[in-house]
Amino acid sequence: MRKTFASGNMAIAEGALTAGLKFYAGYPITPSSEIMEYLAEKLPEYGGVLIQMEDEIASINAVIGASWAGAKAMTATSGPGFSLMAEAIGLAIITETPLVVVNVMRAGPSTGVPTKTSQSDVLQARWMSHGDYIIPVYSPWSVQEAYDLTIKAFNTAELLRTPVVVLSDAVIAHLWEPLTLMERGDVEIVNRKTPVDPTGEPYPPYKPDPDLVPPMPLFGRGFKVLVESLIHDERGFYSPRDDGYRSLVKRISLKVLKRLDYVYEQDARFTEDADVLLVSYGSTARSTYLATIELRKQGVKAGFLRLKTLWPLDDDRIRKTSNARKIIVVENNIGKIYLDIDRIFKDREVYPSPVLSLELPTPRDVLEAVEPWL
Amino acid sequence: MTRQIHPLDKHLRLERIPTLYCPGCGLGIALGALLRALDKRISEGTINPDKVLWVGGIGCSSRMVFYVNYDAAHVIHGRAIPFALGAVLANPDLLAIVTGGDGDIAGIGGNHLIHAARRNVDMIVLMFTNFVYAMTGGQVAPTTPRGVSTTTTPRGNPEYPVNAVKLVGSLNANYVARASVTTPHYIEQFFYKALGMRGFRFIEIVSTCPEIYGRHIGLRDPVEMYSELRKRVKYKHKPSLEKAEIDWEKGIVIGEFVERSNPSLIEILKGVRS
């Protein structure tokens, strides 16, 4: 264990190194660039390779190739680059490739405000690529959590053979806070299952174990692996039939849902007596938390629920968090996670409190946004 | 197990044969030549088959990768080169062979082609030029000659085609060659040489597509199209890049245009050469 002082971007880079990162490919973009710059300095010391690619499309595709060659691999970007990665994230999903994509959110659409914050990519992170799937998305609210959730993102990717997204934002990226770094022996590190030695026959790369996750044969070891972007059977052969299509598409979602207990994390405070529950996540949750305390000082029985995992949500656990009559969702976008919270608490009063702010919303901003619903 | 009846069968996933290639397609000739070269390298003991990785994007020739009995990746359109780059940088023992059409490699994937050649990254790129987007039904390609009517240029192609050999040769590639399915011995010879080199190696293989391209230029008969291509192909011994003509009217020059021994990206990263 080592105490230091770091920015959120540095914490993400350090988390990746602790998790065992061996390959990074990226393209410069504000406000994520320090992740690549920091790793350019450090990754070679950890026996890894970093390359700046010609664009974000090349970056994510190189990361997928590296993962199949056996490396824990990641890339980091912001909105415009994240949009460019959409198609290849679908490739990672259907080929069940473990990797981590960090999106340091900035205001959009399009070029938006490169240096300023936003939480507007939360639905994009959920379903950015075409097709049916579920992929885990984590949302840190502090420098320490940027580190912790990056490790968790790698562990989840390796455990479930899936791409995982870390949604940071411009506030967390450039925020400096104390950070406790863990040694690799002090923190759980998950490594992907791989098949036992090759038999000379091609190994079926998509044949699942009972946990629905197939062991991953790697390139260069005699498994005659077939990485296939088309809908495929267990061998990786193109299979455009309903039965195979259904079972594959269901399995890649179910393997994540089956481990919801592992994937889903939340942080609930003052919820026992709460009449009003404020739901928030990421950097905005910092101000929502202070607003909750302020409301309690004013005599309002306010509770606080912070989503650390944005997707998939654990509906049951969220419902059981609080008996509050009113639920108010505070987020720095036009009201996106609200849509699902409204669905989950369908028997209660659920209100959106969008705070569209290029800076971190202040507790006062949050109080003003929440007030109309109290 | 399927009975082995052809000397190259051991290089194929026989349960996936026959291929989806149309009767008269040139890709089978090319694949045969490529496998003969690879077979020779493997029997000499200079290549470990377990380390061979075939990567293809989208298109008829990209699909070659799932017919061969090696580690393979059939990825998304235009992105085979960056996928292969990630794989070889993560495991430098891999020998990456990228296959793709002129649309996949020089069209949608053109930016990756340029930068992979600039980096001299260790991989072989085999670009099959049939002058058309064939799998999608006959749209104009970056290699389609001017004036040719396609399904998306019904009044004739108004654009100038790309000469990929000249493009890649102007960069930092260690090997740039062009062959034709009408000269399978050169495909075999050039690929054999490329397999023994480091850095970025690019071979353009001019192929026949009587089914789709033949329809556009009035050469629907496979034998006739093959003969017409053969008439136009001229082999030159180590020609300069300026001579790398690829023109249906003026002729198609094949040969080895560039042979360099510049340090490859992996050699530089490993500190073996600088």
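# Two chains, question by question

Reader: In which loop of chain A does Phe270(A) lie?
Author: Helices (H or I, at least four residues) and strands (E, at least two) are DSSP runs, numbered from the N terminus. On that basis, Phe270(A) lies in the loop between strand E10 (266-269) and strand E11 (276-280) of chain A.

Reader: Before we go on, what kind of model is this?
Author: Residues are numbered from 1 along each chain as its sequence is written, while chains are lettered from A and ligands numbered from 1 in the order in which they are written. Side-chain values use heavy atoms, with hydrogens and water left out; local features need pLDDT of at least 70, side-chain atom pairs count only at pLDDT 80 or more, and totals for chains, interfaces and linings use all residues, this being a predicted model.

Reader: Where does a cis peptide bond join Trp311(A) to its partner, and what is omega?
Author: The partner is Pro312(A), a residue in the loop between E13 and H12 of chain A. Most peptide bonds are trans. The bond from Trp311(A) to Pro312(A) is cis, with omega about -10°.

Reader: Which residue stands opposite Val137(A) in E13(A)?
Author: Two strands pair if DSSP finds at least two bridges between them. Strand E6 (residues 137-138) of chain A and E13(A) run antiparallel and are joined by 2 bridges. In this pairing Val137(A) stands opposite Trp311(A).

Reader: Which are the edge strands of the open sheet in chain A?
Author: This sheet has 7 strands, with mixed pairing, in the order E3-E2-E4-E5-E7-E6-E13. An edge strand here pairs on one side only, which picks out strand E3 (49-52) and strand E13 (309-311) of chain A.

Reader: At what angle does helix H7 of chain A run to E7(A)?
Author: Axes are lines fitted to C-alpha atoms, for helices over the stretch in contact, and angles run from 0 to 180 degrees between N-to-C directions. Helix H7 (residues 143-160) lies across several strands of chain A, including E2 (21-26), E4 (72-77) and E7 (163-169). Its angle to E7(A) is about 165°.

Reader: Which three residues supply 33% of the area that domain 1 of chain A buries against domain 2 of chain A?
Author: Domain 1 (2-186) and domain 2 (267-373) of chain A have bounds from an automatic or database domain assignment. Buried area is the accessible area (1.4 Å probe) that two parts lose on being put together, summed over both; for these domains it is about 2,200 Å², 57% of it from carbon and sulfur atoms. The 33% share, more than any other three residues give, comes from Gln119(A), Val122(A) and Trp141(A).

Reader: With which residue does Arg126(A) form a salt bridge?
Author: A salt bridge is a side-chain nitrogen of Lys or Arg within 4 Å of a carboxyl oxygen of Asp or Glu. Between domain 1 and domain 2 of chain A the count is 5. For Arg126(A), with the closest N and O atoms 3.1 Å apart, the partner is Asp340(A).

Reader: How much area do chain B and chain A bury between them?
Author: Contact means heavy atoms within 4.5 Å, and 35 residues of chain B are in contact with 39 residues of chain A. The rule finds 1 salt bridge across this interface, and Arg119(B) and Glu54(A) meet in a salt bridge at 2.8 Å, N to O. Carbon and sulfur atoms carry 61% of the buried area, which is about 2,900 Å².

Reader: How many of the 10 residues of helix H4 of chain B are buried?
Author: The buried residues include Leu113(B), Ala116(B) and Arg119(B). H4(B), residues 110-119, is largely enclosed by the rest of the structure because the buried count is 7.

Reader: Which residue of E4(B) is the bridge partner of Gly101(B)?
Author: Strand E3 (residues 95-101) of chain B is largely enclosed by the rest of the structure, as 7 of its 7 residues are buried. E3(B) runs parallel to strand E1 (residues 52-56) of chain B, with 5 bridges, and also pairs in the parallel sense with strand E4 (residues 123-129) of chain B over 5 bridges. In E4(B), the partner of Gly101(B) is Phe128(B).

Notes:
Buried means under 20% relative accessible area, exposed over 50%, partly exposed in between (1.4 Å probe, protein chains only).
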